[in-house]
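Keep the viewer open as you read.

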Amino acid sequence: MKKKLLILLTAMMTMLVLAACGSDDETTGDSDKKVIKVGMEAAYAPFNWSQNDDSNGAVLIKGSKEYAAGYDVEIAKKIADGLDMELQIVKTDWDGLIPSLQSGAIDVVIAGMSPTEERKGTIDFSENYYTSDYVIVVKADGPYADAKTLADLSGAKVTGQQATTHYDVIDQIPGVNKQVAGTDFGAMRVQLQSGAIDAYVSERPEGVSAEMALKNIKYIVPEPNFEADPSTTAIAVGLKKGSDLTEKINKVLAEISEEARQKLMEDAIANQPAAQ
């Protein structure tokens, strides 16, 4: 009886060890490398988007049959390679990125996120991996298509994505009719086309993407542009406070030239689904 019990306990311990080895918290089934879990919306082209195959270097999204691609994915791949880690993309709603980072559900945020002072109060950031500027997306045949200045949008119904500086700077438009913040850029494009809004604030890469995706949409760059801290148009990797990955990631980013970064963005704009 004791012998049978010993055999049973040994078998149970073996199963537990095997189960632990099979966990994707540290390694994947295809590699002995540690996993770096990267959070992103996969809905903010050309920085990141979802698609149905692995074309143009797309990476399978954890727990999904979809793949993530875009500028952020290419940066994530370079970081994972530089750290000798296995890349895992975790699709996460924008307002869930920082909580997911703090809880440990993801290791880093690579999602077109700006290192604002407010965010620095809750998470750490790497050095910048991209810098852009603000644009305003309007209907190409709409009443604000020829707007040149912020004052030209007086009375316009304008929005921006929730929990972003895009939404905050709208207040600088004289006489603006500020609308409820949008959940994502896809939703705001639909609102713009339907006439529910007259414009939304974005960054240049997304403005270029919107113009490419929809013939009746264009982006304009007001002169002078919105007043904002330079950090609000910069993009950096978000990390948990005190993360030991910060310095390592900075070393990887330092090896990516400005020319290489611009080429990655040009390719992302050209490869986004709407451009095909």
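Ring pairs join Tyr44, Phe47, Tyr71, Tyr129, Tyr130, Phe185 and Tyr200 into a cluster; here rings of Phe, Tyr and Trp (its six-membered ring) pair if their centres lie within 6.5 Å, and planes under 30 degrees apart count as stacked, over 60 as edge-to-face and the rest as tilted. Before going further, please note that this is a predicted model, in which local features need pLDDT of at least 70 and side-chain atom pairs count only at pLDDT 80 or more, while totals for chains, interfaces and linings use all residues. Residues are numbered from 1 along each chain as its sequence is written, and side-chain values use heavy atoms, with hydrogens and water left out.

A search of the whole structure gives eight aromatic pairs. One of them is the stacked pair of Tyr44 and Phe47, with 5.1 Å from centre to centre and 25° between the planes. Tyr44 and Phe47 are both buried, meaning under 20% relative accessible area, where exposed is over 50% and partly exposed lies in between (1.4 Å probe, protein chains only). Tyr134 and Phe226 make an edge-to-face pair, at 5.8 Å centre to centre and 80° between the planes. Tyr134 belongs to strand β10 (residues 134–139) and Phe226 to the loop between β14 (217–220) and β15 (234–239), so this pair ties together parts 92 residues apart in sequence. Helices (H or I, at least four residues) and strands (E, at least two) are DSSP runs, numbered from the N terminus.

Now for the charges. The structure holds nine salt bridges, each a side-chain nitrogen of Lys or Arg within 4 Å of a carboxyl oxygen of Asp or Glu. One joins Lys241 and Asp124 at 3.3 Å, N to O. This pair links distant parts of the chain, with Lys241 in the loop between β15 and α8 (246–254) and Asp124 in strand β9 (residues 124–131), 117 residues apart. Glu206 and Arg189 also meet in a salt bridge, at 2.9 Å from N to O. Glu206 lies in helix α7 and Arg189 in helix α6 (residues 185–194), so the pair ties together parts 17 residues apart in sequence. Both Glu206 and Arg189 are buried.

Finally, look at helix α2. Its buried residues are Tyr71, Asp72, Val73, Glu74, Ile75, Ala76, Ile79, Ala80 and Leu83. After α2 comes Asp84, whose phi is positive, near 55°.
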